[in-house]
Amino acid sequence: MPVLTRSEAQTRARLIDVQSYTVALDLTTGADTFDSRTAIRFTARAEGDTFVELKPAELRSVTLDGQPLDPATLTDNRLPLTGLTPGPHELRVDTAMHYSHTGEGMHRFTDPTDGETYTYTQLFMEDVQRVFAAFDQPDLKARFDLTVTAPEGWTVLANGVTEHLGEGTWRAATTPLLSTYLVAVAAGPWHSIRTEHRGLPFGLHCRRSLAPYLDADADEILDATRACFDRYHEKFEEPYPFDSYDQAFVPEFNAGAMENPGLVTFRDEFVYRSAVTDTERQTRAMVIAHEMAHMWFGDLVTLKWWDDIWLNESFAEYMGYQTLTEATRYTDTWIDFGVARKTWGYDADQRPSTHPVAPEAVPDTASALLNFDGISYAKGASALRQLVTWLGEKDFLAGINTHFKRHRFGNATLADFIDSLASGTDRDVHAWADAWLRTTGVDTLTTYVTETDDTWTLTVDRTGSRPHRIAVALYDRAPTDPRAFVLRERLHVEIPGESLTFHGPRPALIVPNDQDLTYAKIRLDAASEEAALRGLSGIPDALTRTVVWNALRDMVRDGELAPADHLATVAAHLPEESDLALVQGVLTFAHTQVADRYTDPAERPEALDLITALCEDFIRRTEDGGHPGLRLTAVRHLIDAARHADVIRDWYDSGAVPGGPELDPELRWRILGRLSVLGAVDEAVIEAELAHDPSATGQEGAARCRASLPDPQTKAEAWAAMFTTDPAHDLSNYLFTATAQGFWQPEQTDLLRDYVPRYFTDATALAARRGPAIAVAAGRDAFPVYAITPETLREAESHVPTAPPSLRRKLIDQLDDLTRALRVRNR
């Protein structure tokens with residue numbers, strides 16, 4: 001199926017201007033398809049030919065200016081419109097469309113808890129064509145009038161306020177100018193909580209079976225929503241540009257959330273059924289802040305073409321974290337960003353698939369889809385944080401507000417944005433953008449110290465090409481506690497720059513990029529590295545500790561610090577860590593990367609035992625109930641690292657961890673998953689747990705557990721379920737992911753050996769048949785990540801050229817990670 005090229009989009013944008021869409025959807029026609037009728041009013045600027053996109057189950061009729069067109073001219077997803085004359089035109093299209101079970105287009109889900117059905121749209125990039133006919137490119141904005149016929153008892157949500165007209169028909173208010181990918185509908189028997197803020201209707205929505213959990217957290221979610229809304233109005237001169245603000249938590253959603261104007265959709269795992277840590281609550285609040293920022297960055301002012309994805313995602317990412325810090329109780333969000341998000345950017349930027357934050361040219365939509373990664377989100381946000389440090393927040397916000405004023409309800413490019421920034425400052429923003437946004441890779445900043453009898457000199461060396469404005473922290477040993485550090489001074493340094501000479505003794509610890517203000521790997525001078533390894537937990541500032549932990553992480557990945565030495569540092573210093581985001585991030589890296597991938601398989605049991613002992617220590621030290629988040633984190637990681645079944649089987653049978661917590665659904669499925677890997681339970685136990693928790697999450701948990709069992713027959717069944725060629729038995733996106741997550745286990749290498757070569761052939765066929773969303777899941781979750789051998793590397797390399805683009809990108813990334821793991825093991 002052809003994808004839209006940049007050249008085609010530019011040609012079409014020169015030929016036509018689109019005024020409006022009138023879309024009527026009928027969701028009462030059955031479980032497989034829905035009816036879609038569209039009228040598009042547009043103007044041709046000259047004589048010419050173009051096309052409209054749609055992917056129908058059945059194309060019933062098409063008329064252009066009242067004259068019928070032949071439906072048989074539809075080729076793949078393109079219906080040609082030939083012989084256009086200058087002036088206004090009206091295109092009418094009548095179709096049946098397929099529901100999706102992959103999170104693309106109009107996704108349909110039936111809740112196993114109560115049998116209720118829900119539908120919602122995800123129209124990003126080119127999936128609007130699965131719902132209604134459209135000139136599908138971001139710079140052909142139009143107004144949308146939408147009506148939806150739904151079953152009785154359903155509520156229909158959309159970009160604007162909706163009105164029930166009776167007999168199941170709902171009408172949404174006319175939108176302002178929107179790009180096609182931002183149109184949204186969510187229909188079903190929603191449980192809704194409605195309120196008002198600053199004269200606008202606000203709403204929260206979820207499926208009925210999650211109602212008690214949304215009710216329990218509604219005040220928290222709405223408090224964060226209101227606080228961010230108010231803070232954005234302090235930052236931005238342009239008021240919120242839409243007529244309402246609904247947040248719908250929807251099932252089987254592929255992303256974290258989607259910024260549909262007036263109707264943000266979130267994955268409904270953010271409606272917590274089980275206990276979560278405060279860091280996880282912070283993450284939910286950050287996603288709320290991120291998506292709200294998109295109402296301005298992306299929705300009010302939209303990219304002209306997909307090479308400027310960063311203008312959407314990098315800004316929402318930066319603004320989400322910064323605004324949450326300023327407006328809510330979550331004042332340390334940059335710690336979580338550093339340990340959980342920024343590392344995503346570092347990893348992506350060191351792979352062969354790296355790309356600039358703002359690429360020079362993205363040739364087509366398939367290429368654009370691959371750029372939604374750690375570079376467009378985390379690296380771009382880091383670059384913006386550095387820009388604010390370099391430019392100053394006042395000038396930064398002045399440039400943003402100029403940008404909104406110039407391009408409101410329109411489209412803009414990188415050049416437009418840089419011109420807006422430059423209008424309010426004497427700094428050379430264009431040169432900064434070239435250095436930061438048009439280049440790839442990670443700079444490395446390394447400190448060197450030379451000493452004389454009464455002076456010492458600090459040099460910060462740069463490997464790379466970008467300018468940096470950073471803080472450098474100088475720490476001395478605490479006079480009363482040799483394990484602790486006290487801040488002597490925090491310097492602000494421009495790189496490249498001159499060496500700095502100081503009188504007196506050198507500090508015990510020198511940390512470049514203190515406060516994590518720039519995007520760069522760091523390397524400490526030899527004395528500081530030794531001091532950090534011995535006394536990391538004695539650094540008083542949590543954000544500084546984040547920078548040092550990330551430096552150690554990078555050293556392991558780069559083969560400069562042995563995995564065993566990293567784990568020893570974790571064992572020595574993590575017990576004293578007070579920041580929960582750091583504990584979670586360091587433990588996750590220690591287990592999933594250091595123990596499972598970088599450590600030689602013969603030494604992995606010892607690594608898991610170290611993690612288990614560390615978690616046991618956390619559990620002992622939190623028996624007083626004063627640190628529930630830390631205790632929950634330790635319990636989770638102990639379960640995941642358990643090499644023996646006895647302790648966690650006792651927890652499962654008794655329904656609680658001694659001293660708490662009681663086992664909620666998440667912990668019960670987590671324990672059962674680990675017991676399945678260890679071969680300590682059978683199918684009957686899984687079925688009994690599913691009977692206890694028949695929810696959608698329970699269905700996923702059961703699928704994950706079954707795929708984890710070390711039994712040849714269950715492995716064969718799991719494989720067949722994932723890679724079936726029968727569309728009638730295709731797994732939904734979430735059940736596919738759950739099955740894939742359970743399948744590959746490092747404890748089961750011998751049992752799984754024959755599946756490794758099968759993966760590459762079967763995944764390629766699956767990706768070609770089921771499309772990008774399943775292709776991404778197959779490359780991310782179904783890849784044999786624990787088969788770290790040269791044979792796997794050779795097998796994968798031979799299949800990369802024939803894989804569809806979304807799978808190919810994932811395979812390239814997985815191959816690079818595999819190569820790195822082999823290199824670290826062979827160090």
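User: In what order do the 8 strands of the open sheet lie, and which strands stand at its edges?

Analyst: In this predicted model, the strands of the open sheet follow the order β5-β4-β7-β2-β1-β10-β13-β12, and their pairing is mixed. The two edge strands each have a single partner strand, so one side of each is left without a neighbour in the sheet. The strands at the edges are β5 (67–69) and β12 (162–166).

User: By how many degrees are neighbouring strands of this sheet turned against each other on average?

Analyst: For this value the direction of the strands is ignored, and the figure is an average over neighbouring strands of the sheet. The turn is 20 degrees.

User: Which residue in β13 stands opposite V148?

Analyst: Strand β10 covers residues 143–149 and runs antiparallel to strand β13, residues 169–172, with 3 bridges joining the two. The residue of β13 that stands opposite V148 is W170.

User: Is R649 buried or exposed, or does it count as partly exposed?

Analyst: R649 is found in helix α17, which spans residues 646–654, and R649 touches L675, A680 and V681 when residues up to four places away in sequence are not counted. Its relative accessibility is 25%, whereas buried would mean under 20% and exposed over 50%. R649 therefore counts as partly exposed.

User: What distance separates the C-alpha atoms of R649 and I639?

Analyst: Along the chain, R649 and I639 are 10 residues apart.

Notes. Residues numbered from 1 in each chain as written. Predicted model: local features only at pLDDT ≥ 70, side-chain atom pairs only at ≥ 80, totals over all residues. Heavy atoms only, no water. Pairing = 2+ DSSP bridges. Helix = DSSP H or I, 4+ residues; strand = E, 2+ residues; numbered from the N terminus. Axes fitted to C-alpha atoms, helices over the stretch in contact; angles between N-to-C directions. Buried < 20%, exposed > 50% of the residue type's maximum accessible area, 1.4 Å probe, protein only. Contact = heavy atoms within 4.5 Å.
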